[in-house]
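Q: Please take a close look at one part of this model and go through it residue by residue. I would like to know what lies where and what touches what.

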Amino acid sequence: MADTTNLPQALDTDTALPSGRQRRQRFFPLTEQDEPLLSQLSPRYVEILRQDGQMADIATRLNLPIGTVKSRLHRARAALMALRRQQASSPQTPQ
């Protein structure tokens with residue numbers, strides 16, 4: 001039998017993590033500075049980034065398989081992060 005004394009305890013899913021909009025906003029908030037960047041993304045990515053709620057709810061609303069929602073959200077976040085890095089590294093021009 002395997003020794004389980006050093007394994008982490010299971011999370012109580014009701015209290016350990018926030019749900020829905022709170023979870024998305026906490027881990028990947030869209031800011032006002034992101035608005036001009038969103039115009040450079042695919043409309044499919046923008047649609048996913050603007051959704052709130054659980055993955056299953058988003059999949060139902062958009063009539064997509066949950067796997068498609070997850071992959072689009074992952075790719076949209078990566079693309080937006082790349083645009084954020086690009087914007088941060090480019091010289092700022094005075095207006």
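A: Leucine 73 is buried, at a relative accessible area of 3%; buried stands for under 20%, exposed for over 50% and partly exposed for what lies in between, with a 1.4 Å probe and protein chains only. The model is predicted, with local features needing pLDDT of at least 70 and side-chain atom pairs counting only at pLDDT 80 or more, while totals for chains, interfaces and linings use all residues. Residues are numbered from 1 along each chain as its sequence is written, and side-chain values use heavy atoms, with hydrogens and water left out.

Leucine 73 belongs to helix α5; helices are DSSP runs of H or I with at least four residues, strands are runs of E with at least two, and both are numbered from the N terminus. Apart from residues up to four places away in sequence, leucine 73 touches Ile48, Leu49 and Met55, where contact means heavy atoms within 4.5 Å. Between the C-alpha atoms of leucine 73 and glutamine 51 there are 9.7 Å in space and 22 residues in sequence.

Met55 leads on to helix α4, where Met55, Ala56, Ile58 and Ala59 meet Ile66, Val69, Lys70 and Leu73 of α5. By class, seven residues in this contact are nonpolar, none is polar and one is charged. Here Ala, Val, Leu, Ile, Met, Phe, Trp, Tyr, Cys and Pro count as nonpolar, Asp, Glu, Lys and Arg as charged, and the others, Gly among them, as polar.

Two packed helices are described by the angle between their axes and the distance between the axes. For α4 (residues 55–62) and α5 (residues 66–89), the axes come within 9 Å and cross at roughly 105°. Each axis is a line fitted to C-alpha atoms over the stretch in contact, and angles between N-to-C directions run from 0 to 180 degrees. The two helices are therefore roughly perpendicular to each other; that term covers 65 to 115 degrees, with roughly parallel under 35, roughly antiparallel over 145 and oblique for the rest.

The buried residues of α4 are Ile58, Ala59 and Leu62. Viewed down the axis of α4, these buried residues fall within an arc of 100°, so they line one face of the helix; the arc is taken from the directions that run from the helix axis to the C-beta atoms. Their cover includes α3 (43–49) and α5.

Alanine 59, in helix α4, has a relative accessibility of 8% and counts as buried. Leaving aside its neighbours within four places in sequence, alanine 59 is in contact with Leu64, Pro65, Ile66 and Val69. Valine 69 is 10 residues from alanine 59 in sequence, and their C-alpha atoms are 6.1 Å apart.

Just after α4 comes asparagine 63, in the loop between α4 and α5. Asparagine 63 has a phi near 55°, a positive value in a residue other than glycine. With 70% relative accessibility, asparagine 63 counts as exposed.

Aspartate 34 sits in the loop between α1 (20–27) and α2 (35–38) and is buried, at 2% relative accessible area. Residues up to four places away aside, aspartate 34 touches Pro29, Leu80 and Arg84.

As for the setting of these parts, the protein chain has five helices and zero strands. Of its 95 residues, 22% are buried. Among contacts with a separation of 6 or more, 59% join residues 24 or more positions apart. The accessible surface comes to about 7,400 Å², with 53% belonging to carbon and sulfur atoms; such areas come from the Shrake-Rupley method with a 1.4 Å probe, and for residues only the protein chains shown count as cover.
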